[in-house]
Amino acid sequence: MTPEYIVIHTAAFKGSNCDASRIDEWHKARGWSGIGYHFVILNDKHDSKPDGKVEVGRVENVVGAHTLGINSKSLGICCVGHGDHSDFTEAQYSSLETLVHQLMQKYAISLNNVIGHREINDLIQKGLVEPNYRTTKTCPGIKIDMNKLREKIGKCQDDVSLVDPAKLSEAIQLIRTHRTYFNNARDELDQFLNHPEVIEFLEETS
Ligand SMILES: [Zn+2]
């Protein structure tokens with residue numbers, strides 16, 4: 001499966017100790033093969049696991065069971081708690097924003113395609129999904145402002161931990177040595193090489 005959408009959900013459960021294995025049990029009880037979401041983000045009501053912890057549910061390349069109409073082309077993320085009664089915790093938002101941002105980059109998914117479950121109705125409105133998939137659900141919950149969430153995700157910086165500083169430094173040195181190869185781009189390359197951010201990076205890694 002190549003996902004085109006990322007769909008955010010709430011577990012719609014106010015109790016404590018909800019996690020991926022608990023949801024897995026619920027979904028198996030429905031006769032499903034197991035948990036329908038690809039990721040679960042815990043809240044502050046777990047006795048032994050930290051607030052904001054990201055747990056893996058269904059494997060990423062396997063079609064999930066979370067949003068009728070787009071299951072075959074989406075990844076489902078469930079935030080523990082009940083979004084109709086309380087907002088996600090700060091730690092949940094922080095993990096959610098990072099996770100969504102990483103998945104967007106990995107699968108080249110645009111911010112517009114990061115939706116709350118209830119927003120499937122907007123896709124129907126646009127003629128992108130069949131009308132019979134309309135939902136009455138409020139998921140991820142009336143307390144959750146999807147526009148605000150998208151705005152915050154849009155401001156996420158690239159995850160620098162994914163960058164290998166040695167390779168990057170090597171690449172910059174290569175440009176430095178061979179910048180004359182691109183005669184017409186030389187000014188821009190020099191501008192890049194002399195940018196404070198680049199100089200700072202080289203000083204830090206040398
Ligand atoms: Zn949902």
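Is K152 buried, exposed or partly exposed? K152 is partly exposed, with a relative accessible area of 40%; buried means under 20%, exposed over 50%, and partly exposed in between (1.4 Å probe, protein chains only). The model is predicted: local features need pLDDT of at least 70, side-chain atom pairs count only at pLDDT 80 or more, and totals for chains, interfaces and linings use all residues. Residues are numbered from 1 along each chain as its sequence is written, and side-chain values use heavy atoms, without hydrogens and water.

K152 forms a salt bridge with E97 at 3.2 Å, N to O, a salt bridge being a side-chain nitrogen of Lys or Arg within 4 Å of a carboxyl oxygen of Asp or Glu. This pair links distant parts of the chain, with K152 in helix α4 (residues 146-154) and E97 in helix α2 (residues 90-107), 55 residues apart; helices (H or I, at least four residues) and strands (E, at least two) are DSSP runs, numbered from the N terminus. E97 counts as buried, at 11% relative accessibility.

The whole structure holds nine salt bridges. Among them, E55 pairs with K49, their closest N and O atoms 2.9 Å apart. E55 is buried at 9% relative accessibility, whereas K49 is partly exposed at 25%.

H9 lies in strand β1 (residues 5-10) and H117 in the loop between β5 (114-116) and α3 (120-125), so the pair ties together parts that are 108 residues apart in sequence. Both H9 and H117 are buried.
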